[in-house]
Amino acid sequence: MKKIILDFKNMKLRRKLTIAMGGILFISMGVLILFSTYNFRKNSEKAAKELADVMAEHYGGHIENKIGYAITNAKVMAELIEEYELLPGKERREYFSAEMKKIEEKNPEFLSVWIVAEQNSIDNRDNEFIGKDGNTDTGRFVTGWYREKGEIKISGGTELEITNQDYYKIPKQKKSTVILEPYLDSYYEGAPEILMTSVIVPVIKNGEYKGEVGIDISLEFFKEFLKDGNPFETGAASVISNNLNEVMKRLTTITIILMIPTLISSMFGMNLPNFMEHNSFAFVGVFLTSIVITIISVLFFRWRKWF
């Protein structure tokens with residue numbers, strides 16, 4: 001250890017500066033990389049939140065209107081079905097199916113309007129409808145109207161398909177309006193899967209769950225917005241631009257700070273005579289000068305909020 005210290009003392013100023021500045025640069029770079037990594041993560045989280053806020057501002061009202069309108073139609077249909085006793089038993093399925101078809105016809109933005117009734121809950125005639133359109137394989141009243149290439153068609157289902165699905169289990173359990181999380185699905189063979197959601201209103205009579213009315217709506221309008229030339233206008237574009245500016249500022253600041261000790265050591269390490277070449281305090285003076293200027297630079301950039 002003493003030999004190393006002695007060798008260092010006997011080194012020429014240029015070599016001393018090279019070793020010292022190399023050490024400073026190595027330590028400074030490590031500290032700055034750690035600091036930059038922390039700030040980058042912090043700014044990324046901030047940018048993500050800002051971007052989410054922008055998207056909510058742009059799309060929130062549109063989504064709320066679409067879902068709210070669908071819920072209103074589903075509630076009207078559910079309330080109509082709750083009064084099924086006002087109709088003769090033989091007319092109930094046909095009447096409710098026709099009303100759902102009308103809703104689908106009047107609202108091309110609805111992908112489908114459907115009902116899932118509990119077994120024998122509407123007219124106690126499930127056995128008469130086994131295998132018929134708009135009913136399950138057990139005759140349960142499960143009818144939906146959907147669009148296929150512009151034509152409105154009827155659909156049914158099977159007991160296995162229905163009883164294991166969230167759109168049936170969740171409203172039945174909660175006995176309240178449910179909006180499913182977005183999912184991908186297609187309505188007929190050969191159709192591409194699209195992003196959609198479903199609003200479901202339970203049919204409750206005298207506190208008893210009788211079934212549910214659902215309306216499927218497309219969320220594909222997100223893609224249409226994104227295809228626009230500048231869907232976010234000033235909002236998200238500003239978020240992205242500001243974040244990019246912050247990153248560039250930080251990288252520029254790091255470059256300048258690391259350049260200071262390198263520049264100073266290069267100047268005094270040149271193979272040219274200079275006024276401090278034979279000064280016994282030259283090494284300490286250059287070393288401290290580099291540190292002071294670096295600290296001043298860091299404080300300046302912090303004051304300017306560049307990092």
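User: How many aromatic pairs does the count come to here?
Analyst: The count comes to 3 aromatic pairs; rings of Phe, Tyr and Trp (its six-membered ring) pair if their centres lie within 6.5 Å, with planes under 30 degrees apart counted as stacked, over 60 as edge-to-face and the rest as tilted. One of them is Tyr69 with Phe110, a tilted pair because the ring centres are 5.7 Å apart and the planes stand at 35°.

User: Where do Tyr69 and Phe110 sit in the chain?
Analyst: Tyr69 is in helix α2 (residues 13–82) and Phe110 in strand β1, 41 residues apart, so this pair links distant parts of the chain. Helices (H or I, at least four residues) and strands (E, at least two) are DSSP runs, numbered from the N terminus.

User: Is Phe110 buried or exposed?
Analyst: Phe110 is buried, with a relative accessible area of 1%, while Tyr69 is partly exposed at 39%. Buried means under 20% relative accessible area, exposed over 50%, and partly exposed in between (1.4 Å probe, protein chains only).

User: What about Trp114 and Tyr167, how are their rings placed?
Analyst: Their centres are 5.4 Å apart and their planes at 65°, so that pair is edge-to-face. Trp114 lies in strand β1 and Tyr167 in helix α5 (residues 166–174), so the pair ties together parts 53 residues apart in sequence. Trp114 counts as buried at 9% relative accessibility, and Tyr167 as partly exposed at 24%.

User: What kind of model is this, and how are residues numbered?
Analyst: It is a predicted model: local features need pLDDT of at least 70, side-chain atom pairs count only at pLDDT 80 or more, and totals for chains, interfaces and linings use all residues. Residues are numbered from 1 along each chain as its sequence is written, and side-chain values use heavy atoms, with hydrogens and water left out.

User: New topic. Where is Asn135 found?
Analyst: Asn135 is in the loop between β1 (110–117) and β2 (142–148). Asn135 counts as buried, at 8% relative accessibility. Asn127 lies in the loop between β1 and β2 too, but counts as exposed at 68%.

User: What does the side chain of Asn135 join to?
Analyst: A polar contact of 2.6 Å joins the side chains of Asn135 and Arg93. A polar contact is a pair of N or O atoms within 3.5 Å; within protein, one must be able to donate a hydrogen and the other to accept it, and residues adjacent in sequence count only if both atoms are side-chain atoms.

User: And how much of the whole protein is buried?
Analyst: Of its 307 residues, 37% count as buried. The protein has 8 helices and 7 strands.
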